[in-house]
Amino acid sequence: MVHETSFRQKQSTIFFAFLVTTFIVGIAGALQSPTLSRFLTFEVNVDSRLVGLFFSINALASIVGSFLLAKYSDQKGDRRYIVIFCCLMGIANSVIFAFSRHYLVLITLGVLFAALSSAAMPQIFALAREYAVKTGRNVVAFNSLIRAQLSLAWVFGPPISFGLAVKFGFTVMYLTAMSMFIVAMLFVAIFLPSVAKNPTSQFNSATELQAANQPIWKNRNVLCLLLSTVFMWTANMMYIIDMPIYVDVVLHLSDSLPGMLMGLAAGIEIPVMIIAGYLVPYLDKRNLFFIAIICGLIFYIGMIFCTDKSALLALQLFNALFIGIVANIGIIYFQDLLPTQMGVASTLFNNGVIFSIIIAGMLQGFVSEAYGHEVIYWIALVMVAISLLFCALVKDANSKAAERRVIS
(Lines give C-alpha, C1' and ligand atoms only; values in the text may rest on other atoms or scores of the structure.)
Protein backbone atom coordinates (compact mmCIF):
# COMPACT_ATOMS: atom_id res chain seq x y z
CA MET A 1 0.00 0.00 0.00
CA VAL A 2 2.81 2.39 0.92
CA HIS A 3 4.69 1.43 -2.25
CA GLU A 4 1.57 2.07 -4.38
CA THR A 5 1.03 5.49 -2.77
CA SER A 6 4.67 6.42 -3.34
CA PHE A 7 4.41 5.31 -6.99
CA ARG A 8 1.32 7.46 -7.54
CA GLN A 9 2.96 10.46 -5.91
CA LYS A 10 5.98 10.02 -8.18
CA GLN A 11 3.74 9.83 -11.26
CA SER A 12 1.89 12.97 -10.16
CA THR A 13 5.19 14.80 -9.68
CA ILE A 14 6.40 13.78 -13.15
CA PHE A 15 3.10 14.81 -14.74
CA PHE A 16 3.27 18.19 -13.00
CA ALA A 17 6.88 18.57 -14.18
CA PHE A 18 5.79 17.94 -17.79
CA LEU A 19 3.11 20.64 -17.44
CA VAL A 20 5.50 23.18 -15.91
CA THR A 21 8.31 22.45 -18.38
CA THR A 22 6.02 22.84 -21.39
CA PHE A 23 4.56 26.06 -20.02
CA ILE A 24 7.96 27.58 -19.17
CA VAL A 25 9.56 26.68 -22.53
CA GLY A 26 6.41 28.02 -24.21
CA ILE A 27 6.70 31.28 -22.25
CA ALA A 28 10.36 31.61 -23.33
CA GLY A 29 9.33 31.31 -26.97
CA ALA A 30 6.32 33.59 -26.52
CA LEU A 31 8.61 36.24 -25.00
CA GLN A 32 11.04 36.22 -27.92
CA SER A 33 8.96 35.77 -31.08
CA PRO A 34 6.29 38.53 -30.90
CA THR A 35 8.77 41.41 -30.50
CA LEU A 36 11.51 40.13 -32.83
CA SER A 37 10.57 42.39 -35.77
CA ARG A 38 10.39 45.39 -33.44
CA PHE A 39 13.78 44.49 -31.96
CA LEU A 40 15.44 44.22 -35.38
CA THR A 41 13.83 47.44 -36.62
CA PHE A 42 14.38 49.77 -33.66
CA GLU A 43 17.30 48.22 -31.76
CA VAL A 44 19.42 46.78 -34.56
CA ASN A 45 18.28 49.53 -36.99
CA VAL A 46 17.84 47.42 -40.14
CA ASP A 47 15.30 47.92 -42.93
CA SER A 48 12.30 45.71 -43.67
CA ARG A 49 14.18 43.64 -46.27
CA LEU A 50 16.78 42.54 -43.71
CA VAL A 51 14.01 41.87 -41.19
CA GLY A 52 12.30 39.59 -43.72
CA LEU A 53 15.61 37.90 -44.54
CA PHE A 54 16.25 37.25 -40.85
CA PHE A 55 12.81 35.64 -40.37
CA SER A 56 13.27 33.42 -43.43
CA ILE A 57 16.78 32.23 -42.47
CA ASN A 58 15.73 31.74 -38.85
CA ALA A 59 12.74 29.61 -39.88
CA LEU A 60 14.74 27.49 -42.33
CA ALA A 61 17.51 26.97 -39.76
CA SER A 62 14.94 25.87 -37.16
CA ILE A 63 13.50 23.31 -39.57
CA VAL A 64 16.93 21.82 -40.33
CA GLY A 65 18.29 22.02 -36.77
CA SER A 66 15.26 20.49 -35.07
CA PHE A 67 15.00 17.71 -37.67
CA LEU A 68 18.68 16.71 -37.31
CA LEU A 69 18.34 16.62 -33.52
CA ALA A 70 15.14 14.60 -33.89
CA LYS A 71 16.88 11.99 -36.06
CA TYR A 72 19.72 11.76 -33.52
CA SER A 73 17.32 11.53 -30.56
CA ASP A 74 15.42 8.60 -32.09
CA GLN A 75 18.62 6.63 -32.65
CA LYS A 76 20.71 7.24 -29.55
CA GLY A 77 21.06 9.32 -26.41
CA ASP A 78 18.75 10.14 -23.52
CA ARG A 79 15.94 12.45 -24.68
CA ARG A 80 16.14 14.29 -21.34
CA TYR A 81 19.71 15.34 -22.07
CA ILE A 82 18.71 16.54 -25.52
CA VAL A 83 16.02 18.77 -23.99
CA ILE A 84 18.61 20.10 -21.53
CA PHE A 85 20.97 20.77 -24.44
CA CYS A 86 18.19 22.66 -26.25
CA CYS A 87 17.58 24.76 -23.14
CA LEU A 88 21.30 25.58 -22.97
CA MET A 89 21.13 26.70 -26.60
CA GLY A 90 18.10 28.83 -25.68
CA ILE A 91 20.12 30.44 -22.88
CA ALA A 92 22.99 31.20 -25.29
CA ASN A 93 20.56 32.64 -27.84
CA SER A 94 18.92 34.86 -25.21
CA VAL A 95 22.28 36.19 -24.01
CA ILE A 96 23.35 37.08 -27.56
CA PHE A 97 20.10 38.94 -28.25
CA ALA A 98 20.26 40.65 -24.86
CA PHE A 99 23.69 42.18 -25.38
CA SER A 100 24.42 42.23 -29.13
CA ARG A 101 23.02 44.73 -31.63
CA HIS A 102 25.12 43.56 -34.59
CA TYR A 103 23.00 42.10 -37.38
CA LEU A 104 25.73 39.74 -38.61
CA VAL A 105 26.22 38.25 -35.12
CA LEU A 106 22.48 37.82 -34.66
CA ILE A 107 21.86 36.20 -38.04
CA THR A 108 24.77 33.75 -37.60
CA LEU A 109 25.36 32.79 -33.94
CA GLY A 110 21.92 33.92 -32.83
CA VAL A 111 20.15 31.93 -35.53
CA LEU A 112 22.37 28.88 -34.91
CA PHE A 113 21.50 28.77 -31.20
CA ALA A 114 17.83 29.47 -31.94
CA ALA A 115 17.72 26.60 -34.44
CA LEU A 116 19.13 24.16 -31.90
CA SER A 117 16.88 25.39 -29.09
CA SER A 118 13.78 25.07 -31.31
CA ALA A 119 13.94 21.28 -30.91
CA ALA A 120 13.09 21.53 -27.20
CA MET A 121 9.32 21.46 -27.57
CA PRO A 122 9.10 18.53 -30.04
CA GLN A 123 11.48 16.57 -27.82
CA ILE A 124 9.32 17.25 -24.75
CA PHE A 125 6.24 15.95 -26.60
CA ALA A 126 8.15 12.89 -27.79
CA LEU A 127 9.33 12.16 -24.24
CA ALA A 128 5.79 12.69 -22.92
CA ARG A 129 4.40 10.20 -25.43
CA GLU A 130 7.00 7.57 -24.55
CA TYR A 131 6.41 8.10 -20.84
CA ALA A 132 2.61 7.83 -21.25
CA VAL A 133 2.97 4.56 -23.19
CA LYS A 134 5.41 3.13 -20.64
CA THR A 135 3.16 3.94 -17.65
CA GLY A 136 -0.11 2.92 -19.37
CA ARG A 137 -1.70 6.37 -19.30
CA ASN A 138 -4.27 7.62 -21.79
CA VAL A 139 -1.81 8.91 -24.40
CA VAL A 140 -4.09 11.42 -26.10
CA ALA A 141 -5.53 12.88 -22.89
CA PHE A 142 -2.02 13.13 -21.43
CA ASN A 143 -0.81 14.95 -24.54
CA SER A 144 -3.89 17.21 -24.54
CA LEU A 145 -3.22 18.52 -21.06
CA ILE A 146 0.45 19.12 -21.87
CA ARG A 147 -0.33 20.75 -25.24
CA ALA A 148 -2.81 23.07 -23.50
CA GLN A 149 0.09 24.49 -21.46
CA LEU A 150 1.75 25.66 -24.67
CA SER A 151 -1.42 27.48 -25.73
CA LEU A 152 -1.70 28.96 -22.25
CA ALA A 153 1.88 30.22 -22.51
CA TRP A 154 0.95 32.04 -25.72
CA VAL A 155 -1.99 33.68 -23.98
CA PHE A 156 0.29 35.28 -21.36
CA GLY A 157 3.64 35.46 -23.20
CA PRO A 158 3.07 38.13 -25.89
CA PRO A 159 1.57 40.78 -23.55
CA ILE A 160 4.44 40.20 -21.09
CA SER A 161 6.95 40.39 -23.97
CA PHE A 162 5.68 43.77 -25.20
CA GLY A 163 5.35 45.07 -21.63
CA LEU A 164 8.94 44.19 -20.75
CA ALA A 165 10.34 45.48 -24.05
CA VAL A 166 8.50 48.81 -23.90
CA LYS A 167 8.91 49.54 -20.18
CA PHE A 168 12.31 48.03 -19.40
CA GLY A 169 14.00 47.46 -22.74
CA PHE A 170 14.94 44.43 -24.82
CA THR A 171 17.90 43.46 -22.66
CA VAL A 172 15.59 42.82 -19.70
CA MET A 173 13.11 41.01 -21.93
CA TYR A 174 15.72 38.62 -23.34
CA LEU A 175 17.27 38.03 -19.91
CA THR A 176 13.79 37.12 -18.68
CA ALA A 177 13.54 34.59 -21.51
CA MET A 178 16.96 33.27 -20.45
CA SER A 179 15.71 32.77 -16.90
CA MET A 180 12.76 30.76 -18.27
CA PHE A 181 15.14 28.40 -20.06
CA ILE A 182 17.14 27.98 -16.84
CA VAL A 183 14.01 27.09 -14.85
CA ALA A 184 12.88 24.65 -17.57
CA MET A 185 16.33 23.02 -17.65
CA LEU A 186 16.24 22.48 -13.88
CA PHE A 187 12.77 20.89 -14.04
CA VAL A 188 13.90 18.54 -16.82
CA ALA A 189 17.11 17.56 -15.00
CA ILE A 190 15.46 16.99 -11.62
CA PHE A 191 11.96 15.69 -12.33
CA LEU A 192 11.54 14.31 -15.87
CA PRO A 193 12.28 10.60 -16.32
CA SER A 194 14.52 8.72 -18.72
CA VAL A 195 12.40 6.52 -20.97
CA ALA A 196 13.48 3.74 -23.32
CA LYS A 197 12.88 4.66 -26.96
CA ASN A 198 11.53 2.76 -29.95
CA PRO A 199 9.61 -0.09 -28.25
CA THR A 200 9.13 -3.01 -30.64
CA SER A 201 6.79 -5.14 -28.51
CA GLN A 202 3.74 -3.39 -30.00
CA PHE A 203 4.41 -4.96 -33.42
CA ASN A 204 2.99 -8.37 -34.24
CA SER A 205 5.51 -9.21 -36.96
CA ALA A 206 8.80 -8.21 -38.54
CA THR A 207 6.80 -6.88 -41.50
CA GLU A 208 4.94 -4.42 -39.27
CA LEU A 209 8.22 -3.30 -37.69
CA GLN A 210 9.84 -2.84 -41.10
CA ALA A 211 6.85 -0.78 -42.29
CA ALA A 212 7.10 1.44 -39.21
CA ASN A 213 10.81 2.03 -39.85
CA GLN A 214 10.53 2.86 -43.54
CA PRO A 215 11.97 6.24 -44.68
CA ILE A 216 9.61 9.20 -44.41
CA TRP A 217 9.68 9.94 -48.14
CA LYS A 218 8.39 6.40 -48.81
CA ASN A 219 5.61 6.61 -46.23
CA ARG A 220 2.54 7.80 -48.14
CA ASN A 221 0.45 8.28 -44.99
CA VAL A 222 3.05 10.54 -43.39
CA LEU A 223 3.55 12.58 -46.56
CA CYS A 224 -0.19 13.08 -47.05
CA LEU A 225 -0.65 14.08 -43.41
CA LEU A 226 2.30 16.47 -43.66
CA LEU A 227 0.87 18.11 -46.79
CA SER A 228 -2.55 18.35 -45.14
CA THR A 229 -0.94 19.99 -42.11
CA VAL A 230 1.06 22.46 -44.22
CA PHE A 231 -2.01 23.56 -46.20
CA MET A 232 -4.23 24.06 -43.15
CA TRP A 233 -1.54 25.89 -41.15
CA THR A 234 -0.67 28.11 -44.14
CA ALA A 235 -4.33 29.15 -44.28
CA ASN A 236 -4.27 29.88 -40.55
CA MET A 237 -1.02 31.86 -40.72
CA MET A 238 -2.31 33.92 -43.66
CA TYR A 239 -5.34 34.79 -41.55
CA ILE A 240 -3.21 35.78 -38.55
CA ILE A 241 -0.94 37.98 -40.68
CA ASP A 242 -3.70 39.61 -42.74
CA MET A 243 -6.67 39.87 -40.38
CA PRO A 244 -5.54 42.96 -38.36
CA ILE A 245 -5.06 44.90 -41.62
CA TYR A 246 -8.25 43.50 -43.20
CA VAL A 247 -10.38 44.50 -40.21
CA ASP A 248 -8.98 48.04 -40.25
CA VAL A 249 -8.49 48.86 -43.93
CA VAL A 250 -11.32 46.88 -45.57
CA LEU A 251 -14.00 46.47 -42.91
CA HIS A 252 -13.28 49.77 -41.10
CA LEU A 253 -13.96 48.25 -37.68
CA SER A 254 -12.39 49.00 -34.28
CA ASP A 255 -8.60 48.94 -33.92
CA SER A 256 -9.00 46.78 -30.82
CA LEU A 257 -11.12 44.12 -32.58
CA PRO A 258 -8.18 42.03 -33.95
CA GLY A 259 -6.84 41.57 -30.41
CA MET A 260 -10.31 40.57 -29.21
CA LEU A 261 -10.68 38.04 -32.03
CA MET A 262 -7.28 36.45 -31.40
CA GLY A 263 -7.74 36.43 -27.63
CA LEU A 264 -11.22 34.86 -27.87
CA ALA A 265 -10.00 32.13 -30.22
CA ALA A 266 -7.00 31.37 -28.00
CA GLY A 267 -9.22 31.18 -24.93
CA ILE A 268 -11.63 28.71 -26.58
CA GLU A 269 -8.79 26.60 -28.02
CA ILE A 270 -7.58 25.43 -24.60
CA PRO A 271 -10.78 23.59 -23.52
CA VAL A 272 -11.23 22.37 -27.11
CA MET A 273 -7.80 20.69 -26.95
CA ILE A 274 -8.56 18.96 -23.67
CA ILE A 275 -12.05 17.81 -24.72
CA ALA A 276 -10.76 16.58 -28.09
CA GLY A 277 -8.17 14.46 -26.29
CA TYR A 278 -10.86 12.64 -24.35
CA LEU A 279 -13.01 12.17 -27.48
CA VAL A 280 -10.33 10.34 -29.49
CA PRO A 281 -11.22 6.82 -28.19
CA TYR A 282 -14.82 7.39 -29.33
CA LEU A 283 -14.42 9.35 -32.58
CA ASP A 284 -10.87 8.41 -33.73
CA LYS A 285 -8.16 10.89 -34.70
CA ARG A 286 -8.97 10.76 -38.42
CA ASN A 287 -12.63 11.64 -37.84
CA LEU A 288 -11.67 14.45 -35.47
CA PHE A 289 -9.34 15.81 -38.15
CA PHE A 290 -12.25 15.82 -40.61
CA ILE A 291 -14.45 17.64 -38.07
CA ALA A 292 -11.70 20.21 -37.49
CA ILE A 293 -11.15 20.85 -41.19
CA ILE A 294 -14.90 21.21 -41.82
CA CYS A 295 -14.98 23.80 -39.03
CA GLY A 296 -12.08 25.51 -40.83
CA LEU A 297 -14.09 25.59 -44.07
CA ILE A 298 -17.05 27.15 -42.24
CA PHE A 299 -14.74 29.70 -40.62
CA TYR A 300 -13.19 30.91 -43.89
CA ILE A 301 -16.55 31.00 -45.67
CA GLY A 302 -17.69 33.20 -42.79
CA MET A 303 -14.62 35.42 -43.10
CA ILE A 304 -15.44 35.98 -46.78
CA PHE A 305 -19.08 36.93 -46.29
CA CYS A 306 -19.32 38.33 -42.72
CA THR A 307 -18.41 41.97 -42.21
CA ASP A 308 -19.72 43.01 -38.78
CA LYS A 309 -18.14 42.66 -35.35
CA SER A 310 -20.68 40.25 -33.83
CA ALA A 311 -20.41 37.78 -36.71
CA LEU A 312 -16.60 37.85 -36.64
CA LEU A 313 -16.63 37.18 -32.90
CA ALA A 314 -19.07 34.28 -33.34
CA LEU A 315 -16.87 32.78 -36.08
CA GLN A 316 -14.03 32.40 -33.59
CA LEU A 317 -15.79 29.31 -32.23
CA PHE A 318 -15.18 27.53 -35.56
CA ASN A 319 -11.64 28.93 -35.74
CA ALA A 320 -10.91 27.60 -32.23
CA LEU A 321 -12.39 24.18 -33.05
CA PHE A 322 -10.29 24.06 -36.24
CA ILE A 323 -6.96 25.03 -34.68
CA GLY A 324 -7.55 23.53 -31.23
CA ILE A 325 -8.24 20.01 -32.53
CA VAL A 326 -5.48 20.06 -35.17
CA ALA A 327 -2.86 21.51 -32.79
CA ASN A 328 -3.57 18.81 -30.23
CA ILE A 329 -4.32 15.71 -32.29
CA GLY A 330 -1.78 16.51 -35.02
CA ILE A 331 1.30 15.52 -33.02
CA ILE A 332 -0.34 12.29 -31.82
CA TYR A 333 -1.40 11.46 -35.38
CA PHE A 334 2.19 11.80 -36.66
CA GLN A 335 3.48 9.77 -33.71
CA ASP A 336 1.03 6.96 -34.45
CA LEU A 337 2.19 6.87 -38.08
CA LEU A 338 5.87 6.81 -36.97
CA PRO A 339 5.76 4.75 -33.74
CA THR A 340 9.51 4.06 -33.71
CA GLN A 341 10.48 7.68 -34.49
CA MET A 342 8.78 9.82 -31.84
CA GLY A 343 11.26 12.67 -32.12
CA VAL A 344 10.99 12.85 -35.91
CA ALA A 345 7.19 12.58 -35.74
CA SER A 346 6.83 15.47 -33.27
CA THR A 347 9.35 17.54 -35.22
CA LEU A 348 7.59 16.92 -38.55
CA PHE A 349 4.42 18.45 -37.15
CA ASN A 350 6.34 21.38 -35.68
CA ASN A 351 8.33 21.94 -38.89
CA GLY A 352 5.14 21.80 -40.94
CA VAL A 353 3.92 24.78 -38.93
CA ILE A 354 7.22 26.66 -39.39
CA PHE A 355 7.23 25.98 -43.14
CA SER A 356 3.64 27.25 -43.29
CA ILE A 357 4.74 30.53 -41.72
CA ILE A 358 7.30 31.01 -44.52
CA ILE A 359 4.74 30.28 -47.26
CA ALA A 360 2.03 32.39 -45.62
CA GLY A 361 4.34 35.39 -45.23
CA MET A 362 5.29 35.35 -48.90
CA LEU A 363 1.76 34.72 -50.16
CA GLN A 364 0.05 37.29 -47.95
CA GLY A 365 2.45 40.07 -48.91
CA PHE A 366 2.26 39.41 -52.65
CA VAL A 367 -1.48 38.66 -52.91
CA SER A 368 -2.71 41.52 -50.71
CA GLU A 369 -0.51 44.00 -52.57
CA ALA A 370 -1.54 42.79 -56.06
CA TYR A 371 -5.17 41.71 -55.59
CA GLY A 372 -6.39 43.08 -52.25
CA HIS A 373 -7.03 41.60 -48.82
CA GLU A 374 -10.35 39.93 -49.67
CA VAL A 375 -8.60 37.42 -51.95
CA ILE A 376 -6.52 36.14 -49.00
CA TYR A 377 -9.57 34.43 -47.48
CA TRP A 378 -10.60 32.79 -50.77
CA ILE A 379 -7.08 31.34 -51.05
CA ALA A 380 -7.24 30.21 -47.39
CA LEU A 381 -10.59 28.51 -48.09
CA VAL A 382 -9.11 26.63 -51.07
CA MET A 383 -6.09 25.60 -48.98
CA VAL A 384 -8.29 24.16 -46.23
CA ALA A 385 -10.29 22.25 -48.87
CA ILE A 386 -7.03 20.82 -50.27
CA SER A 387 -5.95 19.84 -46.76
CA LEU A 388 -9.23 17.91 -46.44
CA LEU A 389 -8.39 15.94 -49.60
CA PHE A 390 -4.90 15.06 -48.36
CA CYS A 391 -6.31 14.07 -44.97
CA ALA A 392 -8.72 11.70 -46.73
CA LEU A 393 -5.73 9.98 -48.36
CA VAL A 394 -4.21 9.08 -44.98
CA LYS A 395 -4.92 5.42 -44.36
CA ASP A 396 -3.87 3.79 -41.11
CA ALA A 397 -5.69 0.55 -40.56
CA ASN A 398 -3.72 -0.27 -37.38
CA SER A 399 -4.28 3.05 -35.61
CA LYS A 400 -7.42 2.03 -33.73
CA ALA A 401 -5.96 -1.24 -32.55
CA ALA A 402 -2.78 0.45 -31.43
CA GLU A 403 -4.78 3.15 -29.73
CA ARG A 404 -6.91 0.64 -27.85
CA ARG A 405 -3.75 -1.09 -26.60
CA VAL A 406 -2.34 2.21 -25.37
CA ILE A 407 -5.52 3.50 -23.74
CA SER A 408 -6.64 0.25 -22.11
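Predicted model: local features only at pLDDT ≥ 70, side-chain atom pairs only at ≥ 80, totals over all residues.
Which residues of helix 3 are buried?

The protein has 16 helices and zero strands. Its C-alpha trace spans about 60 × 45 × 40 Å along the principal axes. A compact globule with 408 residues would have a radius of gyration near 22 Å, and the protein has 21 Å, so the two agree. Of the 408 residues, 53% count as buried. Turning to contacts with a separation of 6 or more, 82% of those in the protein are accounted for by residues 24 or more positions apart.

Now back to helix 3, which covers residues 48-75. With 28 residues at 1.5 Å a residue, helix 3 should span 40 Å; its end C-alpha atoms are 41 Å apart, which agrees. The buried residues of helix 3 are V51, F54, N58, A59, S62, I63, G65, S66, L69, A70, S73 and D74. And what covers them? The cover includes helix 2 (36-43), helix 4 (79-99), helix 5 (103-117), helix 6 (120-135) and helix 14 (342-371).

In the loop between helix 2 and helix 3 you will find N45. Phi of N45 is near 60 degrees, a positive value in a residue other than glycine. N45 is also exposed, because its relative accessible area is 60%, and the cut-off for exposed is over 50%. After helix 3 comes G77, whose phi is also positive, near 85 degrees.

Next, follow the chain to a pair of packed helices. Two packed helices are described by the angle between their axes and the distance between the axes. Helix 7 (residues 139-167) and helix 11 (residues 257-283) have their axes 8 Å apart and pack at an angle of about 175 degrees. That angle makes helix 7 roughly antiparallel to helix 11, since angles over 145 degrees count that way. On the helix 7 side, the contact is made by V140, A141, S144, L145, R147, A148, S151, L152 and V155; helix 11 contributes A266, I270, M273, I274, G277, Y278 and V280.

Is V272 buried or exposed? V272 has a relative accessible area of 11% and is therefore buried, the limit being under 20%. Not counting residues up to four places away in sequence, V272 touches A320, L321, G324 and I325. M342, by contrast, is 70 residues from V272 in sequence and 24 Å from it in space, C-alpha to C-alpha.

H252 is placed between helix 10 (220-250) and helix 11. Although H252 is not a glycine, it has a positive phi of about 55 degrees. With a relative accessible area of 63%, H252 is exposed.

In helix 8 (residues 170-191) sits V188, which is buried with a relative accessible area of 0%. Leaving out residues up to four places away in sequence, V188 touches T21, R80, V83 and I84. V188 and C87 are 101 residues apart in sequence, and their C-alpha atoms are 9.6 Å apart in space.

F299 belongs to helix 12 (residues 285-305) and counts as buried at 0% relative accessibility. Apart from its neighbours within four places in sequence, F299 is in contact with Y239, L315, Q316, F318 and N319. One of these, L315, is 16 residues from F299 in sequence and 5.9 Å away in space, C-alpha to C-alpha.

Finally, L381 is found in helix 15 (residues 374-392). L381 is buried, with a relative accessible area of 15%. Its contacts, leaving aside neighbours within four places in sequence, are L297, Y300, I301 and I304. L381 and L116 are 265 residues apart in sequence and 34 Å apart in space, C-alpha to C-alpha.

Methods
Residues numbered from 1 in each chain as written. Heavy atoms only, no water. Helix = DSSP H or I, 4+ residues; strand = E, 2+ residues; numbered from the N terminus. Expected span 1.5 Å × (residues − 1). Buried < 20%, exposed > 50% of the residue type's maximum accessible area, 1.4 Å probe, protein only. Contact = heavy atoms within 4.5 Å. Axes fitted to C-alpha atoms, helices over the stretch in contact; angles between N-to-C directions. Parallel < 35°, antiparallel > 145°, perpendicular 65-115°, else oblique. Rg over C-alpha atoms; globule rule 2.2 N^0.38 Å.
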